[in-house]
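Open the model in your viewer and keep the selection tool at hand. We will go stop by stop.

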Amino acid sequence: RVWCLVRASSYAEAARRLGRRLARSGVGCDWTRLVAIPGDVTEPGLGLEDVTLRHLRQSCRQVIHCAAD
């Protein structure tokens, strides 16, 4: 799975924002493997709920940081 942190207030908004960005870039995606997670890199714990942050810490093998100032 690919988990994408998206600045959003809900999972639905995160998925919409990511889908729009990928469509504008001409990139297709497999939504069965791609998960948009609402969060904010400027917040402690990436702005994630504790249960989500714990899950990611246990299941992610790599982190790719593409956030910009």
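**Start at Val-6**

Select Val-6. Leaving aside its neighbours within four places in sequence, Val-6 is in contact with Ala-14, Arg-17, Leu-18, Ala-36, Ile-37, Pro-38 and Gly-39. Keep in mind that this is a predicted model.

**The largest nonpolar core**

Now widen the selection. Val-6 belongs to the largest nonpolar core, which has eight residues in all. Which elements supply at least two residues each? Colour strand 1 (2–7), helix 1 (11–25) and strand 2 (34–39) to see them. Helix 1 gives the most to this core, with three residues. In soluble globular proteins, nonpolar side chains tend to be buried together.

**A second core**

Next, select Val-35, Ile-37, Leu-53 and Leu-56. They are among the five residues of a second, separate core. Ile-37 is also one of the contacts of Val-6.

**The largest pocket**

The largest pocket has a volume of about 1,400 Å³. Its lining counts 34 residues, and the closest to the pocket centre are Trp-3, Cys-4, Leu-5, Ile-64 and Cys-66. Strand 1, helix 1, strand 2 and helix 2 (50–59) each supply at least two lining residues.

**Last stop: Trp-3**

What lies over the face of Trp-3? Arg-1 does, at 5.6 Å from the ring centre.

Key:
Residues numbered from 1 in each chain as written. Predicted model: local features only at pLDDT ≥ 70, side-chain atom pairs only at ≥ 80, totals over all residues. Heavy atoms only, no water. Lys NZ or Arg CZ within 6 Å of the ring centre and 35° of its normal. Core = buried A, V, L, I, M, F, W, Y, C linked by side-chain atoms within 4.5 Å. Buried < 20%, exposed > 50% of the residue type's maximum accessible area, 1.4 Å probe, protein only. Helix = DSSP H or I, 4+ residues; strand = E, 2+ residues; numbered from the N terminus. Contact = heavy atoms within 4.5 Å. 1 Å grid on protein atoms, 1.4 Å probe; cavity = no way out; pocket = protein on both sides within 12 Å on 5 of 7 lines; lining within 4 Å. Points joined across faces, edges and corners; volume = space filled by probe spheres on them.
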